[in-house]
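The structure is shown below.

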Amino acid sequence: MVGPSRPQFVFFGSSIVQLCFSHGGWGSILSDIYSRKADILLRGYYGWNSRRAIQVLDQVFPKEAPVQPSLVIVYFGGNDSMGPHSSGLGPHVPLDEYIENMRKIAIHLKSLSETTRIIFLSCPPVDETRVGSGLSGILSELIRTNELCQNYSNACIKLCQEMGVEVVDLFSAFQKRDDWTKACFTDGVHLSAEGSKIVVEEILKVLREAEWVPSLHWKSMPTEFSEDSPYYLVTADGKRTLNPSEWTFHREIQWD
């Protein structure tokens, strides 16, 4: 552990979480936005469903940990929503069980501390054309449709509303773009840089509007070691130095 201590933001989920630092991913963008403000910890597991997630809840989020996360962002649902395989193997989780698994995750996270905040991400849509044509011969047929994605997305949103958990409706957010099937994915399922920008925008909207004390929106959080220093670059008049602690001009997008 290194100091000073910062708030911890944990991302917990399947491949959309594991890959969130790839392809200009939403994790890398949020890490930049929250640099010097929070430590972002990745707990993403390719191919996982909610059934697998609840098996390790106590290991990933031990209740006896001396420091608990300030924010947990959770995504499961895409793999759960895939159609069942005739063998009984595979990631499919029936909708009723998925709802109860997500409920268990929310209850566990709420129990960590009074100040641990939670955001669930609902199941996004997929590009059905690419999903159907992308089989390599290694995998059996994938049953992944937007009708199934929407059912699991709606169930996640309804559960969050019942439990008072903040939720991002990714299924609707992606489809606000006319070209979402081409722009938002690398392979029809996993997120491109453009898809990740939508995720970041929606997460920041929740963080900005949530009435949490303290606020976890980046503009409201202190910047580490932000005091002035005589060792910074000197201004043109040679009379002072310029403090770069809050500079954001390097960002492609000036996030709100």
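The second largest cavity is lined by Phe9, Phe11, Leu30, Tyr34, Ile40, Leu71, Ile73, Ile203 and Leu207. A cavity is a set of points on a 1 Å grid over the protein atoms alone where a 1.4 Å probe fits but cannot get out, and lining residues have an atom within 4 Å of a point. The model is predicted: local features need pLDDT of at least 70, side-chain atom pairs count only at pLDDT 80 or more, and totals for chains, interfaces and linings use all residues. Residues are numbered from 1 along each chain as its sequence is written, and side-chain values use heavy atoms, without hydrogens and water.

At least two lining residues of this second cavity come from each of β1 (8–13), β3 (71–75) and α10 (193–209); helices (H or I, at least four residues) and strands (E, at least two) are DSSP runs.

There are two cavities of 30 Å³ or more, a volume being the space filled by probe spheres set on the points.

| Cavity | Volume | Lining by class |
|---|---|---|
| Largest | about 80 Å³ | eight nonpolar, four polar, one charged |

Of the 13 residues lining the largest cavity, Ile16, Tyr75, Gly78, Arg144 and Val189 lie nearest its centre.

Helix α2 (residues 26–33) has Trp26, Gly27, Ile29, Leu30 and Ile33 buried, that is, under 20% relative accessible area with a 1.4 Å probe and protein chains only. Because these buried residues fall within an arc of 160° seen down the axis of α2, they line one face of the helix; the arc is that of the directions from the helix axis to the C-beta atoms. Their cover includes β1, α1 (15–18), β2 (39–44), β3, β4 (117–121) and α10, with contact meaning heavy atoms within 4.5 Å.

Terms used: On a 1 Å grid over the protein atoms alone, a cavity is a set of points where a 1.4 Å probe fits but cannot get out, and a pocket is an open set with protein on both sides within 12 Å along at least five of seven lines; lining residues have an atom within 4 Å of a point. Ala, Val, Leu, Ile, Met, Phe, Trp, Tyr, Cys and Pro count as nonpolar, Asp, Glu, Lys and Arg as charged, and the others, Gly among them, as polar. Buried means under 20% relative accessible area, exposed over 50%, partly exposed in between (1.4 Å probe, protein chains only).
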